[in-house]
Structures are given as structure tokens and as C-alpha cells.
Amino acid sequence: MAQQIHWFPGHMNKALNEVENKVKLVDVVIELFDARAPLSSINENLEKLTANKKKLIVLTKTDLSDPEQNKKWVNVLKEKYPQVLSLDLKKNNAEILLSTAVVELGKEKWAKEISKGMKPQPIRAMIIGIPNVGKSSLINRLAKRKAAGVQNKPGYTRGEQWIKVNKDFLLLDTPGILPMNYENKDQAARLALIGAIREDILPNEQLGEFLLSFLNKHYPNSLVNRYGIEDISDRITVLNQIAEKRKIVNSVGANDIERAEALLLKEFKDGLLGNITLEQYES
């Protein structure tokens with residue numbers, strides 16, 4: 001998979017310019033990476049724009065990813081970033097952990113304000129990341145209300161809005177932004193599988209082949225509980241079995257391979273195949 005993938009809707013270029021303009025207004029940047037594909041989640045354009053800011057990295061979707069891999073990636077990322085959190089937004093302590101980390105990064109700002117005889121002002125934080133990485137879900141959890149729209153598809157959040165999280169910090173939401181292109185097609189496949197870019201950028205046939213090849217190598221038992229399929233070494237055989245078990249047929253009563261593949265991809269994205277991380281850190 002070496003062909004370059006180009007996908008950069010016009011609103012993302014506008015959003016990138018807005019981030020560049022707004023970043024000077026914030027004290028802390030919260031950057032989200034999808035725990036299922038941490039490295040593929042990194043947008044180098046955003047990294048450059050926020051390089052001089054105090055930064056908190058948050059691994060999201062940890063309820064869908066491999067717990068052992070989560071631990072490894074946190075340790076790896078801590079070599080580059082001072083603050084890294086692995087968050088399950090379904091747990092009650094998620095907002096406490098994040099708020100505590102933001103305050104820790106903002107203590108220096110507060111100290112400067114106190115030294116000047118000022119009352120410490122709320123920490124201004126910007127939340128950034130690729131599409132569908134969980135920004136809206138995290139914001140809503142922090143604000144304890146539906147402050148941002150949530151959909152399981154890329155490009156849903158538009159525009160920017162300041163949100164008061166608590167007395168200690170304000171949060172600036174930004175739309176998800178992707179790099180202009182991906183020279184590595186495997187990276188594009190991972191992002192399509194986790195819903196960061198539209199699946200129609202790559203044919204389902206390629207995504208299905210990529211997913212099953214990866215699962216066969218790293219999670220060979222991943223389809224047992226969901227479909228009762230033990231051998232996942234051959235894509236067409238697997239899809240035929242899924243079609244038979246789910247009674248997915250076409251107009252003439254034959255197995256509908258395309259619909260079976262679409263089901264497989266959707267159920268992976270929704271976490272129904274188990275806790276899977278598409279980027280494995282081998283140590």
C-alpha cells in the first residue's frame with residue numbers, strides 16, 4: 001500500500017488557519033489521539049502550530065482499544081510529551097483526571113499572575129485532534145452538558161466555541177483536522193477503519209483485506225465470539241461465513257459479500273469485535 005491518499009476538504013484548510021490564529025490566545029493545548037492508532041492520529045501540521053505551548057496528550061477510545069497496548073503507548077508518548085493521559089470517558093473520574101492535568105500545566109501561569117499582584121485567571125485551553133477522535137464527547141463530559149455535537153463520522157464539528165468547564169479553566173473547541181495527504185496508505189486505512197476519514201476514500205475491499213490481515217496476525221481469535229469464525233486467513237471465506245451466519249443475501253439469494261464486508265467494518269469501528277489496537281508497540 002504505497003499510493004498517496006489525498007483528502008483535505010476546504011473547511012479543514014479554514015480550520016487550520018483559525019487554529020493558527022487562536023493558538024496565541026491559549027495557555028494549554030489538549031491534543032487527542034485515538035488509542036487504536038496513536039501514531040496515525042498525529043497531525044504534523046497541528047504539532048507545528050502548537051509546538052511552543054504547554055501540551056497535554058489524551059489517548060481516547062480506550063474502551064475500544066487493547067488495554068496492554070494502551071499502557072505501552074502512554075509510556076512511549078511520555079518520552080516526547082510531559083503530560084499523557086489514557087482516558088475512558090465512561091468512567092466517572094475522567095474529567096477529574098483531565099482537569100487536574102490541565103491545572104498542573106497552568107500553575108506557572110498562575111504563579112506569574114500572582115507575582116504581578118493579579119488574581120489568577122482561568123486557564124485557557126484549546127482542544128485539537130483529527131476528526132472523530134472524541135473531542136465532542138470529552139467536551140460534553142467536561143462541561144456536564146451537551147456543549148458540542150457528537151456523531152461517529154469525520155468532519156461533524158464545525159467552527160469554534162469557548163466552553164466554561166469550571167472556575168479553573170475555559171476550553172476552546174476546534175474542528176477535527178487532517179493532514180493534506182497520507183503518503184502511507186496503511187495509515188490512511190487505519191484512519192478510515194477508526195472513522196477519522198471517510199471510508200469511501202478507500203474501497204471497502206482494501207479496508208477489509210487490511211483489517212483481516214492485521215487481525216489474523218495480532219488478534220487471530222477476534223471473530224470467534226462475534227461470528228463463531230476461527231480461521232480468518234482468507235478474506236472471501238470469512239465474508240461468506242459472515243453472510244451465511246447473518247443471512248446477508250442479495251436479490252437472487254446468494255451471499256452478499258459487499259454487505260457482509262460493510263458489516264464487518266462497521267462492527268469493528270463500533271468495538272463489537274473486542275478491544276483492538278491497530279498500531280502495535282512491540283517491546
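This is a predicted model: local features need pLDDT of at least 70, side-chain atom pairs count only at pLDDT 80 or more; totals for chains, interfaces and linings use all residues.
**Strands, salt bridges and nonpolar cores**

With a relative accessibility of 6%, Glu267 counts as buried, because the cut-off for a buried residue is under 20% relative accessible area.

**Overall picture**
- The accessible surface of the protein chain amounts to about 13700 Å², and carbon and sulfur atoms account for 48% of that surface.
- When contacts between residues at least 6 apart in sequence are considered, 67% of them join residues at least 24 apart.

**Strand pairing**
- Strand 3, which spans residues 54-60, pairs with strand 4, residues 83-86, in the parallel sense, and the pairing extends over four bridges; within it, Val58 has Leu85 of strand 4 as its bridge partner.
- Between strand 3 and strand 4 the chain passes through helix 3 (residues 67-78), and the β-α-β crossover formed in this way is right-handed.
- Strand 5 (residues 123-129) and strand 7 run parallel and are joined by four bridges, with Arg124 finding its bridge partner in Leu170 of strand 7.
- Strand 7 itself, covering residues 169-173, is mostly covered, since four of its five residues are buried.

**Salt bridges**
- Side chains of opposite charge can pair when their charged atoms come close, and in this model the count of salt bridges comes to 18.
- Arg141 and Glu95 form a salt bridge in which the closest N and O atoms are 3.1 Å apart; the pair links distant parts of the chain, with Arg141 in helix 5 (residues 135-143) and Glu95 in helix 4 (residues 94-115), 46 residues apart.
- Glu95 has a relative accessibility of 14% and therefore counts as buried.
- Also in helix 4, Glu113 and Lys109 are four residues apart, so that about one helical turn separates them; their side chains meet in a salt bridge with an N to O distance of 2.7 Å, and both residues are buried.
- Glu267 forms a salt bridge with Arg226, where the closest N and O atoms lie 2.9 Å apart; because Glu267 belongs to helix 10 (residues 257-269) and Arg226 to helix 8 (residues 224-227), the pair ties together parts that are 41 residues apart in sequence.

- In soluble globular proteins, nonpolar side chains tend to be buried together.
- Here the largest nonpolar core has 63 residues, and Ile30, Leu98 and Leu223 are the residues with the most contacts inside it; helix 4 supplies the largest share of this core, namely seven residues.
- If residues up to four places away in sequence are not counted, Leu223 touches Leu212, Leu215, Gly228, Ile229, Ile232, Val238, Leu264 and Leu273.

Key:
Residues are numbered from 1 along each chain as its sequence is written. Side-chain values use heavy atoms; hydrogens and water are left out. Two strands pair if DSSP finds at least two bridges between them. Helices (H or I, at least four residues) and strands (E, at least two) are DSSP runs, numbered from the N terminus. A crossover is right-handed if, with the strands pointing away from the viewer, the path from the first strand over the helix to the second runs clockwise. Buried means under 20% relative accessible area, exposed over 50%, partly exposed in between (1.4 Å probe, protein chains only). Contact means heavy atoms within 4.5 Å. Accessible areas come from the Shrake-Rupley method with a 1.4 Å probe; for residues, only the protein chains shown count as cover. A salt bridge is a side-chain nitrogen of Lys or Arg within 4 Å of a carboxyl oxygen of Asp or Glu. A nonpolar core is a set of buried Ala, Val, Leu, Ile, Met, Phe, Trp, Tyr and Cys residues joined through side-chain atoms within 4.5 Å.
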